[in-house]
Amino acid sequence: SKGFADFCVRNLQQHAFGRREIEIAEQEMPGIMALRKRASDDKPLKNAKIVGCTHVNAQTAVLIETLAALGASVRWAACNIYSTQNEVAAALAESGFSVFAWRGETEEDFWWCIDKCVNAENWQPNMILDDGGDATHLMLKKYPAMFKLIKGIVEESVTGVHRLYQLSKSGKLTVPAMNVHDSVIKTKFDNFYSCKESIIDSLKRSTDIMFSGKQVALCGYGEVGKGCSQALKALGCIVYVTEIDPICALQASTDGFRVVKLNEVIRNVDIVITTTGNKSVVTREHMEKMKNGCIVCNMGHSNTEIDVKDLRTPDLTWEKVRSQVDHIIFPDGKRIVLLAEGRLVNLSCSSVPSFCASITSATQALALIELYNAQPGRYKCDVYLLSRKMDEYVAILHLPTFDAHLTELSDEQAKYMGLSKTGPFKPNYYRY
Ligand code: NAI
């Protein structure tokens, strides 16, 4: 290693391959690279000491190296035991970053890695960048004195955000936190486009299925469901949607999808996809009714949406046919095809667009900069959303890619609309 950094990765020899992966990601991450260029003189994260716990992949490496260019030191662990790109972790370690992550960590390794990022010699972290809330949780429980000195937490996932709101409610949140997950710029782009593009990729790579004419049951018509349905429809699938929310059901109907109860179509569909963020959306009872060869997968919340545990009974046989593809064989010989054991199929079976990661990373970096540089008292010990102005700034960073030319308000128009010519351009309640 170039520096004196401590680290733990699978195989440092793979660093050159990992560096290439990072360079490829940089090409498709124009916004975060622009931020790196714009802010590396100012060093807005000078002396920031960040504990990072996110997926350790090429896109995250681009974020990590940006944070470093803006003046931060970081220690980084994985938020998921399967998602680490070992060669990328090697490249980061080789470049002098303290990274603790490898693909296929045990539960014990997982917590050891996070602990290594929190608790090290001559290291008092002052910021946390979390995806799932595990680093926050560990520091709060195991190192409460250290936690008190944190200036801000930036949280990316729905689960982590939920945990933060709970902490805040019970009065245990002693630092300001930024909910990046629900910022407009994240949900409207990451959730929608990354799922729109990766659902097809995941199904294709794992099953080689042809989409034309296939019948699909899509559970949930939020951002993820809307993205998936568009892609499937475009390839000629017949898509049925299930919803609990009348507004989303009406959106699905007017977008041209039949809104049904899962039971009404379950015997006929070729593919079932969950995108609800809920639990037990596809049950054993549903799976009993599926036809031979039906593909079942989850794009929503961790592994709760499909009742996979109810398939682990003695009367059913599991046959692993490919990595991330299991056939579940019923007593009558019927097989259903379960992808990624019900975990997020796109994270397990495909890659997600780097461009979406650029938007999310730029949002995370700006949230860190904001909390780190905020005047004392600006943020209380609560959970905040990114300001509209910062959402707009993330978009501005990405517009040059498309050679998009924004129209400027004239003085007269700005006055007429009651807006500043430099934004924000919409009120907080505007929904895009
Ligand atoms: P959302 O809240 O916009 O959409 C979820 C929809 O499911 C809602 O409209 C809700 O009414 C509906 N729903 C809830 N329970 C249902 C049920 N039992 N049956 C039918 N519909 C039901 O959320 P969004 O942004 O679409 O995200 C959904 C999930 O996907 C979340 O858990 C999120 O964390 C996850 N996600 C996954 C990504 C991936 O890369 N695979 C990317 C982004 C988010």
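Which residues of strand 13 are buried on one side, and which on the other? Val325, His327 and Ile329 are buried on one side, while Asp326 and Ile328 are buried on the other, and both faces of the strand are covered. Here, buried means under 20% relative accessible area, exposed means over 50%, and partly exposed lies in between, with a 1.4 Å probe and protein chains only. In a regular strand the side chains alternate between the two faces of the sheet.

Before going on, please note that this is a predicted model, where local features need pLDDT of at least 70, side-chain atom pairs count only at pLDDT 80 or more, and totals for chains, interfaces and linings use all residues. Residues are numbered from 1 along each chain as its sequence is written, and side-chain values use heavy atoms, with hydrogens and water left out.

Helices (H or I, at least four residues) and strands (E, at least two) are DSSP runs, numbered from the N terminus. Strand 13 covers residues 325-329, and because five of its five residues are buried, it is largely enclosed by the rest of the structure. Strand 14 is also largely enclosed, because four of its five residues are buried.

Strands of a sheet pair through backbone hydrogen bonds, either parallel or antiparallel. Two strands count as paired if DSSP finds at least two bridges between them. The table lists some of the pairings in this model.

| Strands | Sense | Bridges |
|---|---|---|
| Strand 12 (residues 317-322) and strand 13 | antiparallel | five bridges |
| Strand 13 and strand 14 (residues 335-339) | antiparallel | five bridges |
| Strand 11 (residues 295-298) and strand 14 | parallel | two bridges |
| Strand 4 (residues 127-130) and strand 5 (residues 152-155) | parallel | four bridges |

You can follow these pairings residue by residue. Lys320 has Asp326 of strand 13 as its bridge partner. Val325 stands opposite Leu339 in strand 14, and Ile328 is bridged to Ile336 of that strand. Ile295 has its bridge partner in strand 14 too, namely Val337.

Now look at the turns. Strands 12 and 13 form a hairpin with two residues between them, and Gln324 in the turn has a positive phi of about 70°. In the hairpin of strands 13 and 14, five residues lie between the strands, and Gly333 in the turn has a positive phi of about 95°.

An open sheet of seven strands has the order 3-2-1-4-5-6-15, with parallel pairing. Its edge strands are strand 3 (98-100) and strand 15 (383-385), each pairing on one side only. From one strand to the next, the twist averages 20°. Asp130 has Glu155 in strand 5 as its bridge partner.

Helix 5 (residues 107-118) lies across strands 1, 2 and 3, running at about 175° to strand 2. Helix 8 (residues 158-169) lies across strands 5, 6 and 15, at about 140° to strand 5. For these angles, axes are lines fitted to C-alpha atoms, for helices over the stretch in contact, and angles run from 0 to 180 degrees between N-to-C directions.

## A buried threonine

Thr360 is found in helix 15 (residues 354-373). Thr360 counts as buried because its relative accessibility is 4%. Leaving aside neighbours within four places in sequence, Thr360 is in contact with Glu156, Lys186 and Asp190, where contact means heavy atoms within 4.5 Å.
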